[in-house]
Each structure stands twice: as structure tokens, then as C-alpha cells.
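Hi! Have a look at the structure below, and then we can go through it together.

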Amino acid sequence: KRRIIMKKIISLSILLSIISCVGFEKKMYDNDLTFINSKNYEIINGNYENYPYQRLCCRDFKEDLNNQNACLKDYLVSETDKYFPNCSKETSPQIKIIKEDKKYFLVLTYIDYENKKQEFKIEGKFSYGFFKLNNYSFKANGIPYIFGGAKITQSRVGLDSNKNLIIQKFTDNEGALFLIFWAGHAGDYALKFRRK
């Protein structure tokens, strides 16, 4: 009997994990967006600065940024367990979307600090004018929604009206005890990178 109850609890937590969805903020861009889709996706292809120049959050929040001590690739691959070498901060990384068979991929190419070419590739799909990456991450702490919490993250990329790169990231930290949910942080922000 106890084993059956535990199986039901685990099944319920897995089901809730699967239906947890990511809700990107759409109103923060106003009209400052170039829609990309399966017909015009090559307009994103180009080289971009390593550092974001602006941060967007919510509808009316914009913050100008000075040079950050990071690389563009760190904003795309931070949720992976794979190791990606540090980039050369003087060299502009390249972003492009390619089609292979019927699938689309974002390809990030950069030069590492040893002057070697590195490449990162992730599948995605076009959604609401953006390229939504298949980098959905669900990290559990305990049994999600039953005896613990979970952290959900996902990213998408797009272009503003000047063809500068947008990387938008959604994060949701939530927890529960026997389906009684407690408050957690949920929200998203976007960073802009100038096209070179």
C-alpha cells in the first residue's frame, strides 16, 4: 500500500513537472522588435559584441549597461553541465540559425582564449517572432511539488528593430509541501547585444 502511494506521488510530481510552462514577457519590447520566422531567419546571422549594452525587465524598465566581465556565450550555455572554454573578449562571436532536414538550430561560434575556434549548437523553434531554444531546464530539489522545490529556466533569442541581438531568459523558482505551494521568484529579463 505504501509503495502504491509513493508511486502515485512520484507520478503526480513528474506530471506537474511536464506541464510546468515557461511564460515569457511579451510587452517589454513595445514595437522594438524584428520578427524572425522560418522564412527570414537568416537575418539573425552575424557577429555581435561580447557584452550586453542594455537590460530590459518588465514593460517600462530599461537599464544601460557598461562592459560586463563575461562572454556572449555565457548567457546562452550557463544551464548546461558541459564545459565550454572561456572566450577571447576581444573577438566578436558569431550567431546564426541553420536548417538541417526539418529542424532548426542556433549555432554560436567564438574564439577561445587560446585562439581556437569553438562552436555551440542547440535546437529550437520559431515562436512569437523569436527563436525559442530547446534548453528547457528543470532542476528539482527533493520531490517537486510534494517535498521540495524546482527551478525552471529557458531562453529565446530575437532581434530588435535595429537588428541587435536579444537574449531573453525566463526563471521560475517554486516549491511546495503536499501540493501546498509557497511563494517563489518567477520572472524574466532580456539583454541586448550590438551587432558588429
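Here are my notes, point by point.

1. First, keep in mind that this is a predicted model. The protein chain has two helices and twelve strands. Read from the N terminus, their order is α-β-β-β-α-β-β-β-β-β-β-β-β-β.

2. Now the chain as a whole. Of its 196 residues, 45% count as buried. The protein chain exposes about 11600 Å², and carbon and sulfur atoms supply 50% of that. If you take the contacts with a separation of 6 or more, 58% of them come from residues 24 or more positions apart.

3. Next, look inside. The largest nonpolar core has 28 residues, and Leu-72, Leu-76, Leu-106, Val-157 and Leu-165 have the most contacts inside it. Helix H2 (74-77) supplies at least two residues of this core, and so do several strands, including E4 (94-100), E6 (117-127) and E9 (147-159). Strand E5 gives the most to this core, with four residues. Another core, of six residues, lies apart from it; Leu-33, Phe-130, Ile-166 and Ala-190 are among them.

4. Then there are the cysteines. The whole structure has one disulfide, formed by Cys-71 and Cys-87, with the sulfur atoms 1.8 Å apart. Where do Cys-71 and Cys-87 sit in the chain? Cys-71 is in the loop between strand E3 (61-64) and H2, while Cys-87 is in the loop between H2 and E4, 16 residues apart. Both Cys-71 and Cys-87 are buried. The torsion about their S-S bond is about -90°, so this disulfide is left-handed.

5. One more cysteine to check: is Cys-57 buried or exposed? Cys-57 counts as buried because its relative accessibility is 18%, and the cut-off for buried is under 20%.

Methods:
Residues numbered from 1 in each chain as written. Predicted model: local features only at pLDDT ≥ 70, side-chain atom pairs only at ≥ 80, totals over all residues. Heavy atoms only, no water. Buried < 20%, exposed > 50% of the residue type's maximum accessible area, 1.4 Å probe, protein only. Contact = heavy atoms within 4.5 Å. Areas by Shrake-Rupley, 256 points an atom, 1.4 Å probe, with all protein chains shown as cover. Core = buried A, V, L, I, M, F, W, Y, C linked by side-chain atoms within 4.5 Å. Disulfide = S-S within 2.5 Å.
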